[in-house]
Amino acid sequence: MEFKNTENQINLILSSERATTLLAESLARSTKANSTILLYGQVGVGKTFFARKFIQEILLRHGIYEDVPSPTYTLIQTYETPKVDIWHADLYRLVSYEDIIELGLIDAFDSNICLVEWPEKLEKNIPLNAVKIELSHHLEGERICTLTCEDEKVMTKLKLIIKKLENDI
């Protein structure tokens with residue numbers, strides 16, 4: 001992983017699936033209820049892969065072994081743990097904001113861990129503490145990953161997580 005940080009964003013080059021997995025697992029270990037991860041990027045860039053590794057890390061911490069499929073057709077997959085529920089949403093196929101309301105996703109932000117693919121459909125209803133992760137293709141097998149958050153405390157925490165990863169790799 002290569003790192004380049006500014007005050008309001010963190011830019012990484014993820015050189016492999018293993019690097020993406022390390023990032024997802026590290027973020028998962030520091031995530032608690034009332035946390036939202038928004039995953040931006042083109043089709044096939046690795047949003048679902050990231051979400052899968054993130055969710056599996058949380059489930060494994062609770063001794064839960066469960067398949068984590070893409071919610072492309074179900075729209076939302078939920079996972080229960082003893083401490084918090086995890087919502088994984090794929091909004092790609094939704095046509096209106098009212099559809100999101102019907103799914104209960106906006107209410108889920110208040111007390112669950114939520115991962116949202118295609119969050120552009122949320123319009124302006126994004127939690128202040130949401131971590132925005134944008135993935136894009138780079139060189140073959142590599143991804144550019146940009147992390148941002150409007151909440152200064154969350155951003156500081158993200159920088160510490162990334163700094164620790166930098167030392168471990």
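Q: In this predicted model, which residue is the bridge partner of Y79 in β5?
A: The bridge partner of Y79 in β5 is I86. Another such pair links I76 with A89 in β5.

Q: What makes β4 and β5 a pair of strands?
A: Two strands pair if there are at least two bridges between them. Strand β4 (residues 76-80) and strand β5 (residues 85-90) are joined by five bridges, so they count as paired. The two strands run antiparallel, and a hairpin of four residues leads from β4 to β5.

Q: How do you know that β5 also pairs with β6?
A: The cut-off is again at least two bridges. Five bridges join β5 to β6, and therefore this is a pair as well. Here the strands run parallel. Within it, I86 stands opposite I113 in β6.

Q: Why is E57 called buried?
A: Buried means under 20% relative accessible area. E57 has a relative accessible area of 14%, so it falls under the cut-off and is buried. E57 sits in helix α2 (residues 47-61).

Q: What is E57 in contact with, leaving aside its neighbours within four places in sequence?
A: E57 is in contact with E25, A28 and R29. Contact here requires heavy atoms within 4.5 Å. E25 and A28 are among the buried residues of α1.

Q: Which other residues of α2 are buried, and what do they pack against?
A: Besides E57, the buried residues of α2 are K47, T48, F50, A51, F54, I55, I58 and L59. The buried residues of this helix pack against α1, β3, β4, β5, β6 and β7.

Q: How does α2 compare with its expected length?
A: Helix α2 has 15 residues and reaches 22 Å from its first C-alpha to its last. The expected value is 21 Å, and the reach is close to that. After α2 comes G63, with a positive phi near 70°.

Q: What makes S16 a cap on the N-terminal end of α1?
A: A side-chain oxygen of S16 lies 3.3 Å from the backbone nitrogen of R18.

Q: Why is N34 called partly exposed, and not buried or exposed?
A: Buried means under 20% and exposed means over 50%. The relative accessible area of N34 is 37%, so N34 is in between and counts as partly exposed. N34 lies in the loop between α1 and β3.

Q: What makes the phi of N34 and of W118 worth noting?
A: Most residues other than glycine have a negative phi. N34 is not a glycine, yet its phi is positive, near 70°. W118 is not a glycine either, and has a positive phi of about 60°.

Q: Where does W118 lie, and why is it called buried?
A: W118 lies in the loop between β6 (113-117) and β7 (131-137). Its relative accessibility is 16%, which is under 20%, so W118 counts as buried.

Q: Why is G104 called buried, and where is it?
A: G104 is at 16% relative accessibility, under the 20% cut-off, so it is buried. G104 is in the loop between α3 (97-103) and α4 (105-108). G104 and I76 are 28 residues apart in sequence, and their C-alpha atoms are 9.8 Å apart in space.

Q: What is the volume of the largest pocket, and which residues are closest to its centre?
A: The largest pocket has a volume of about 290 Å³. Of the 17 residues that line it, the closest to the centre are S30, S35, V131, V154 and K157. The elements giving two or more residues to the lining are β3 (35-40) and α5 (152-168). The largest share, five residues, comes from α5.

Technical notes
Residues numbered from 1 in each chain as written. Predicted model: local features only at pLDDT ≥ 70, side-chain atom pairs only at ≥ 80, totals over all residues. Heavy atoms only, no water. Buried < 20%, exposed > 50% of the residue type's maximum accessible area, 1.4 Å probe, protein only. Polar contact = N/O pair within 3.5 Å; in protein donor to acceptor, adjacent residues only side chain to side chain. 1 Å grid on protein atoms, 1.4 Å probe; cavity = no way out; pocket = protein on both sides within 12 Å on 5 of 7 lines; lining within 4 Å. Points joined across faces, edges and corners; volume = space filled by probe spheres on them. Expected span 1.5 Å × (residues − 1).
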